[in-house]
Amino acid sequence: MKKALISDWYYVNGGAEKVIHSINSVWNDFDHFALIDFLSDEDRNFILNGKKVKTSFIQKFPTVKKNHRKFLQLFPIAIEQFDLSDYDLIISSSSAVAKGIKVKKEQLHICYCHSPMRYAWDLREQYLEDAGLTKGLKGLYAKFVLDKMQKWDLSNSENVDYFIANSKYIAQRIKKTYNKDSVVIYPPVDVDFFSLEETKEDYYLTASRLVPYKKIQLTVEAFNELPDLKLIVAGEGPELEKLKKVAKSNIEFVGFVENKKLRSLMQKAKAFIFAAEEDFGIIPVEVQACGTPVIALSKGGTLETVVENQTGIFFDEQTAEKIKEAVIHFGTKNFDPKIIREHAIKFSKQRFENEIREFVDIKFKEYQQLLKAR
């Protein structure tokens, strides 16, 4: 069985890349494809076992490393130019265009879907607003491009034989967007690395890339109103300087921190604040594996990973006031770090690898039998 694994892109070691790392732990003979590849040697060794990636023509554009999303209108053309006709099994890891790869009838294509393309669907208006493309000729052109992306994305969902969703939340969106059923296999979490710490210190933590949809500003605004409580913000991104300007003295920005330092911050935090609406959200599970409770928005994947009053609490709106109220309410609660960690272990890497192996093996055998019967 000749196998190809195609991803949207490689430039950071995030949640999607952790999924690919685990898939490579199950099968070590994939050939790899992506629109672009700017991984460091360290990340390449972890994610891809050091393998090289065949990239698209977009890789050669001089400014692509700084901002690949400005070439959005070219993504469909680029992904369709890959020739994967020699492969028996194609797995796509997709939150954008990877699932749009061209396939033949005798090839099995399984898509691990992190999300239907957010630019074209549910984050369309936010994408246009953040990019300053709501008005004028540029705005009209951007809307035209996204309309075309919607049609292309919907049409190319037919190239997928089986969808795997990373959460029930995404399974519902796959059904709504593509009218396709999917099986849910939660992403892998390294619960061995994120180990239990029962002794907590007197600070709250939030960590992510500092971009608008993560809603870190709301958390900062909430803690501005809670001057007796300390908040640590870990991460870098375009909003960092703006956040520093509005934050009061009880809020500390530590920038990018390497994995062991971040783990230590997670282990010792009183609680982790998670204000984003995520498709799954690996970091809240990593935090729980440390025995640390989560204060989270009650939307998206966290509804499947956080158990209210056992491993954390929820707030129901993305506002600073609701976060503030949740933090105050959290102060009246007691949580058992051992129970929190026990819950997180359900999302382990070993569980993911067993489930993905079983699903792919069964579907490939079924597909081969179907081809023989034709």
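Visitor: Which residues does N156 touch, not counting residues up to four places away in sequence?

Guide: A contact means heavy atoms within 4.5 Å. By that criterion, and leaving aside residues up to four places away in sequence, N156 touches E80, K99 and G100. Please note that this is a predicted model, in which local features need pLDDT of at least 70, side-chain atom pairs count only at pLDDT 80 or more, and totals for chains, interfaces and linings use all residues. Residues are numbered from 1 along each chain as its sequence is written, and side-chain values use heavy atoms, with hydrogens and water left out.

Visitor: Where is N156 found, and is N156 buried or exposed?

Guide: Helices (H or I, at least four residues) and strands (E, at least two) are DSSP runs, numbered from the N terminus. N156 is found in helix α5, which covers residues 136-156. For accessibility, buried means under 20% relative accessible area, exposed over 50%, and partly exposed in between, with a 1.4 Å probe and protein chains only. N156 counts as buried because its relative accessibility is 8%. F144 is also found in helix α5, but it counts as partly exposed because its relative accessibility is 46%.

Visitor: How should I read a residue in a strand, and what does Y204 touch?

Guide: Y204 is found in strand β8, residues 204-207, and is buried because its relative accessible area is 3%. Not counting residues up to four places away in sequence, its contacts include F223, L229, K230, I273, V327 and F330. Y204 and L229 are 25 residues apart along the chain, and their C-alpha atoms are separated by 7.7 Å.

Visitor: How is the length of a helix checked, and what should helix α14 span?

Guide: The expected span is 1.5 Å times one less than the number of residues in the helix. Helix α14 (residues 349-373) has 25 residues and should therefore span 36 Å; its end C-alpha atoms are 36 Å apart, which agrees.

Visitor: Which residues of α14 are buried, and what covers them?

Guide: An α-helix has 3.6 residues a turn, so residues three or four places apart point the same way. In α14 the buried residues include F352, I356, F359, V360, K363, F364 and Y367. Their cover includes α1 (15-26), β4 (89-94), β5 (108-113), β6 (162-165) and β7 (182-184).

Visitor: At what angle do the axes of α1 and helix α2 cross?

Guide: Two packed helices are described by the angle between their axes and the distance between the axes. Axes are lines fitted to C-alpha atoms, for helices over the stretch in contact, and angles run from 0 to 180 degrees between N-to-C directions. The axes of α1 and helix α2 (residues 41-48) cross at roughly 55° and come within 7 Å. Angles under 35 degrees count as roughly parallel, over 145 as roughly antiparallel, 65 to 115 as roughly perpendicular and the rest as oblique. The two helices, α1 and α2, are therefore oblique to each other.

Visitor: Which residues meet where α1 and α2 are in contact?

Guide: E17, I20, H21 and N24 in α1 meet F46, I47 and L48 in α2. By class, the contact of α1 with α2 has four nonpolar, two polar and one charged residues. Here Ala, Val, Leu, Ile, Met, Phe, Trp, Tyr, Cys and Pro count as nonpolar, Asp, Glu, Lys and Arg as charged, and the others, Gly among them, as polar.
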